[in-house]
Amino acid sequence: MELIVKGWSALKEVDRVIDYCEINDKRLIPLLRTTNENFELALVTDNSNTHARFWLSKIHLKYHVPGACKAIGATLLVEAADMGDADAQYELACRLRVENDYVQDDQLAFDYLGMVVDQLHPVALYMMGAVYLTRDCVEKDISSAIWYFHRAAEKGHVGAAMAYGSLLLRDQLFIQWLKRLEEEEKRLTNP
């Protein structure tokens, strides 16, 4: 666990300063190497460590680390997702959906998203609500979308809370409108 904490800490430092320097800045190389080494050592120590596998995949896919390889990153990401890491499953679902025209697979992305939803990952719950709301890969189902937004909002997702509230408000206004229409119809038919 210590290796993961050291690697994650170095990665957070890279994320903090990367916006203020060039991608290939020589000052980032030691931090990226430290991150890479710590995650690799964590995997050597415990090959079943899904967090180390996921973060190492992110290093290969996102950053300019000496020796980075997108194929290795993709393999590590798929392995971490198949081992049950919720963050890896969510990342893979997103990458399968929009990342690459050659590998785009909506059904596989939906399957991985479903695996993450089973673990009650708040962002995945929000995304699943959006999928049901927009008829993307599934039949449009407002009640399912509301349920997913509600669960994500319970987990603290602000966007889901807003979507949930607006859908409830819209349905409430629609119900009030229907009641007024029925009252008006009764009044007109029974003078």
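This is a predicted model: local features need pLDDT of at least 70, side-chain atom pairs count only at pLDDT 80 or more; totals for chains, interfaces and linings use all residues.
Q: What span should helix α7 have at 1.5 Å a residue, and how far apart are its end C-alpha atoms?
A: Helix α7 runs over residues 122-134, which is 13 residues.

Q: Do the buried residues of α7 lie on the same side or on opposite sides, and what arc do they cover?
A: The buried residues of α7 are A124, L125, M128, G129, V131 and Y132. Their arc around the axis puts them on the same side of α7. That arc is only 155 degrees.

Q: Which residue of helix α8 forms an aromatic pair with Y126 of helix α7?
A: The structure holds four aromatic pairs. One of them is tilted, at 5.6 Å centre to centre and 45 degrees between the planes, and joins Y126 to F149. It links distant parts of the chain, 23 residues apart, and the partner in helix α8 (residues 142-154) is F149.

Q: Is F149 buried or exposed?
A: Buried means under 20% relative accessible area. F149 has a relative accessible area of 2%, so F149 is buried.

Q: What angle lies between the planes of W147 and Y148?
A: W147 counts as partly exposed because its relative accessibility is 42%, whereas Y148 is buried at 15%. Their rings are 5.0 Å apart, centre to centre, and form an edge-to-face pair. The angle between the planes is 85 degrees.

Q: Which residues do ring pairs link into a cluster?
A: W147 and Y148 form an aromatic pair. Y132 is among the buried residues of α7. The cluster linked by ring pairs consists of Y132, W147 and Y148.

Note on methods. Residues are numbered from 1 along each chain as its sequence is written. Side-chain values use heavy atoms; hydrogens and water are left out. Helices (H or I, at least four residues) and strands (E, at least two) are DSSP runs, numbered from the N terminus. The expected span of a helix is 1.5 Å times one less than its number of residues. Buried means under 20% relative accessible area, exposed over 50%, partly exposed in between (1.4 Å probe, protein chains only). The arc is that of the directions from the helix axis to the C-beta atoms. Rings of Phe, Tyr and Trp (its six-membered ring) pair if their centres lie within 6.5 Å; planes under 30 degrees apart count as stacked, over 60 as edge-to-face and the rest as tilted.
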